[in-house]
Amino acid sequence: GAVELYHDGSKKLETTSTGMKITGKLTFANDNHLNGIELGADQDINLYHDGSDAYFDNGTGDFYIRNAGDNPNQIYISGKGGENGIIVNGNGAVDLYYDNGIRLTTTSTGINVTQAGSGSISNFSHGGGAGGVRIAGPAASSGANLIFANNFDNSVSDEWAISMEGSTDDLVFKSEGAGGTDRVRFLDSG
């Protein structure tokens with residue numbers, strides 16, 4: 001049968017047909033991360049508490065999953081030293097970091113890539129052969145645009161675009177962005 005443990009008249013621990021149930025919190029007395037919870041393969045750990053942290057130490061480095069104290073809608077995933085690695089925002093955006101500097105952010109329209117600083121280069125690479133980086137429209141005959149801009153303010157006055165025209169498959173260089181004026185056109189027919 002079941003076993004129940006009480007403290008001051010309140011049930012704190014009981015055995016069940018599927019395992020054990022704890023009412024309240026489980027605290028390990030040693031606060032130096034030497035004690036913890038170890039589970040076998042294919043087991044889950046669920047933590048329910050605003051502002052709680054999950055700390056994992058595999059003997060060679062630390063790994064944290066923590067809730068942002070100032071913003072309960074953000075979850076931080078960090079490596080050793082607590083530097084930002086991944087931030088998952090409540091609105092669905094995800095931020096990826098390198099050496100505590102943001103490098104990639106998902107947005108409602110796609111992604112933003114941020115370089116480390118002046119003179120840095122963001123690389124897009126593939127495994128070789130006939131592979132590459134593909135820029136595609138959402139459907140057949142929709143075309144695709146690669147846009148170069150001097151500013152991040154979405155002003156088309158300082159933009160150039162290389163566009164693949166969806167209806168003809170021509171490659172077009174345009175000033176004033178993707179909807180601007182054709183300057184050079186390479187015909188798909190040659």
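## Overall composition

The secondary structure of the chain amounts to zero helices and 14 strands. The model is a predicted one.

Of the 190 residues in the chain, 15% count as buried. The accessible surface comes to about 14500 Å², and carbon and sulfur atoms contribute 51% of this area. Among contacts in the chain with a separation of 6 or more, 3% are made by residues 24 or more positions apart.

Strand 1 (residues 4-7) and strand 2 (residues 10-15) run antiparallel and are joined by four bridges. Histidine 7 stands opposite serine 10 of strand 2. The hairpin formed by strand 1 and strand 2 has two residues between the strands, and in this hairpin aspartate 8 takes a positive phi near 55°.

## Lysine 21

Lysine 21 belongs to strand 3 (residues 20-22). Its relative accessible area is 47%, so lysine 21 is classed as partly exposed, the category between under 20% and over 50%. Once neighbours within four places in sequence are left aside, lysine 21 is in contact with Lys12, Leu13, Glu14 and Thr16.

Lysine 21 can also be placed relative to glutamate 4: the two residues are 17 residues apart in sequence, and their C-alpha atoms are 9.5 Å apart in space.

Four strands form an open sheet in the order 11-12-13-14, with antiparallel pairing. Strand 11 (144-149) and strand 14 (181-186) are the edge strands, each pairing on one side only. From one strand to the next, the twist averages 20°.

Strand 13 (residues 171-175) pairs with strand 14 in the antiparallel sense over five bridges. Within strand 14, arginine 185 is the bridge partner of valine 172.

## Aspartate 158

Aspartate 158 lies in the loop between strand 11 and strand 12 (159-164). Aspartate 158 is buried and has no salt bridge. The nearest side chain of opposite charge, that of arginine 183, is 14 Å away; a salt bridge requires a side-chain nitrogen of Lys or Arg within 4 Å of a carboxyl oxygen of Asp or Glu.

Apart from neighbours within four places in sequence, the contacts of aspartate 158 are with Phe148, Ala149, Asn150 and Asn151.

Note on methods: Residues numbered from 1 in each chain as written. Predicted model: local features only at pLDDT ≥ 70, side-chain atom pairs only at ≥ 80, totals over all residues. Heavy atoms only, no water. Pairing = 2+ DSSP bridges. Axes fitted to C-alpha atoms, helices over the stretch in contact; angles between N-to-C directions. Buried < 20%, exposed > 50% of the residue type's maximum accessible area, 1.4 Å probe, protein only. Lys, Arg positive; Asp, Glu negative; His and termini not counted. Contact = heavy atoms within 4.5 Å. Areas by Shrake-Rupley, 256 points an atom, 1.4 Å probe, with all protein chains shown as cover.
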